[in-house]
Amino acid sequence: MIKIGDYNTIMNDRNIFNQIVYTPLSEALLLLEKRRKDPELMAKVEKLLKGDIPEVFKKDKKYAVLFRQISTPDYETNRFIALAKENNLHPVVFEYHDDIFSPDDNPFKYSLGILSIHKGSCKKNNTNLVENLRIVDFNEHRGNKLNEVKTLWSEPLIDFHKFLFNDHFKDEKIITWDGSGWLKSKGAHARDYYKYVFLLFVYHGIIFENFLTSKDSGGDFSKKIVLPAIEEVMNMTGVKPLIVPIEPFEIELDDFWTYHSLNVKQLIKDRKKIKR
């Protein structure tokens with residue numbers, strides 16, 4: 001039985017946390033190549049998943065995966081796509097449209113309903129110039145499933161962000177996949193399905209993510225969901241899932257990653273006119 005250690009100790013020591021959770025990108029690429037040539041490991045993972053491997057991951061490709069409820073072209077997604085391309089990985093945004101819209105305790109979900117438009121930076125004090133545009137009535141939709149949430153002009157929120165995503169990445173080959181059904185088949189809660197998510201990143205690809213150690217809801221998620229899931233995968237397979245951070249650790253909490261480019265403001269105006 002593999003024991004990764006006391007969770008409280010891990011959460012209080014960033015170096016230990018990083019060693020347990022992450023694999024450096026250069027090493028992850030080598031491990032991915034090696035594991036894809038290990039029939040015993042591949043058979044073990046397929047058995048653990050009971051053959052239920054999403055169709056999107058069945059092709060003989062090396063995948064880079066971003067797990068977000070809705071795909072949107074914020075700065076974080078742009079960085080993810082750049083990292084995938086630089087390392088010859090096929091980018092996939094693994095979505096969860098059945099998740100609950102809870103903007104009060106989830107910064108990413110908040111950013112889906114109030115878009116921060118990056119207008120540049122102030123040279124005087126080196127701060128970002130941002131305009132926040134509300135596109136969702138939080139009081140009306142808080143607690144609804146994301147696929148039920150609509151914009152202020154009555155367009156499904158998912159459709160709007162998909163429009164932004166497709167407009168921004170129109171020249172890129174990016175797969176977006178709603179894994180809601182697959183996730184629900186693994187359990188009703190993140191503590192049930194996260195080990196299965198991580199099993200996909202034993203040899204199918206690399207998941208890019210920054211998990212938090214701070215004492216906010218993000219840190220709580222790492223302690224209660226992420227660390228137990230990693231430990232389970234290690235016990236089931238003997239290896240760590242391949243997790244690589246997207247953002248540099250020193251700026252991973254910066255709001256900048258949820259910003260959208262300036263042209264999105266005009267796209268919102270145009271979309272409102274079209275949908276009226």
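1. Buried residues account for 49% of the 276 residues in the protein. The structure is a predicted model, and the remarks below should be read accordingly.

2. Overall architecture. The protein contains 12 helices and eight strands. Its radius of gyration is 19 Å, close to the 19 Å that the globule rule gives for 276 residues, so the protein is as compact as a globular protein of that length. Along the principal axes, the C-alpha atoms fill a box of roughly 55 × 40 × 35 Å. When contacts between residues at least 6 apart in sequence are considered, 76% join residues at least 24 apart.

3. Helix α2. This helix spans residues 14–21, and its buried residues are Phe 17, Asn 18, Ile 20 and Val 21. Viewed down the axis of α2, these buried residues fall within an arc of 170°, so they line one face of the helix. The face turned away from that buried side carries Asn 15 and Gln 19, both exposed.

4. Helix α3. In residues 25–35, which form α3, the buried residues are Ala 28, Leu 32 and Arg 35. They lie on the same side of α3, because they cover an arc of only 75° around the axis. Ser 26, Leu 30 and Lys 34 are exposed on the other side of α3. The cover over the buried residues of α3 includes α4, β6 (205–208) and β7 (243–244). A charged residue, Arg 35, is thus listed on the buried side, while Leu 30 is listed on the exposed one.

5. Helix α10. Seven of the 10 residues of α10 are buried, and the helix is mostly covered. The buried set consists of Ala 190, Tyr 193, Tyr 194, Lys 195, Val 197, Phe 198 and Leu 199. Helix α10 (190–199) is also one of the elements that give two or more residues to the lining of the largest pocket, which is the subject of the next point.

6. The largest pocket. About 1,400 Å³ of space lies in this pocket. It is lined by 44 residues, of which Gln 69, Asp 105, Asn 106, Pro 107 and Phe 108 are the closest to its centre. The elements that give two or more residues to the lining are α6 (107–113), β3 (114–122), β4 (127–134), α10 (190–199) and α11 (217–237). Helix α6 gives the most, with five residues. By class, the lining has 19 nonpolar, 11 polar and 14 charged residues.

7. The second largest pocket. Its volume is about 170 Å³. The lining is made up of Arg 36, Met 42, Ile 53, Phe 57, Lys 58, Lys 59, Asp 60, Lys 61, Tyr 63, Tyr 203 and His 204. These residues divide into five nonpolar, one polar and five charged.

8. Glu 76. This residue lies in helix α5. Glu 76 counts as buried because its relative accessible area is 8%, under the 20% limit for that class. Leaving aside residues up to four places away in sequence, Glu 76 touches Arg 68, Ile 246, Glu 247 and Trp 257. Glu 76 and Trp 257 are 181 residues apart in sequence, yet 4.7 Å apart in space, C-alpha to C-alpha.

9. Lys 3. This residue is found in the segment before α1 (7–11). Lys 3 counts as exposed because its relative accessibility is 68%. From Lys 3 to Val 226 the separation is 223 residues in sequence and 14 Å in space, C-alpha to C-alpha.

10. Positive phi values. Most residues other than glycine have a negative phi. The phi of Lys 50 is near 55°, a positive value in a residue other than glycine. Lys 50 is placed in the loop between α4 (39–48) and β1 (63–67), and is exposed, with a relative accessible area of 76%. Asn 88, likewise not a glycine, has a positive phi of about 55°. The place of Asn 88 is the loop between α5 (75–86) and β2 (90–95), and at 63% relative accessibility Asn 88 counts as exposed.

Definitions and conventions. Residues are numbered from 1 along each chain as its sequence is written. This is a predicted model: local features need pLDDT of at least 70, side-chain atom pairs count only at pLDDT 80 or more; totals for chains, interfaces and linings use all residues. Side-chain values use heavy atoms; hydrogens and water are left out. Helices (H or I, at least four residues) and strands (E, at least two) are DSSP runs, numbered from the N terminus. Buried means under 20% relative accessible area, exposed over 50%, partly exposed in between (1.4 Å probe, protein chains only). The arc is that of the directions from the helix axis to the C-beta atoms. Contact means heavy atoms within 4.5 Å. On a 1 Å grid over the protein atoms alone, a cavity is a set of points where a 1.4 Å probe fits but cannot get out, and a pocket is an open set with protein on both sides within 12 Å along at least five of seven lines; lining residues have an atom within 4 Å of a point. Grid points are joined across faces, edges and corners, and a volume is the space filled by probe spheres set on the points. The radius of gyration is taken over C-alpha atoms; the globule rule is 2.2 Å times the number of residues to the power 0.38.
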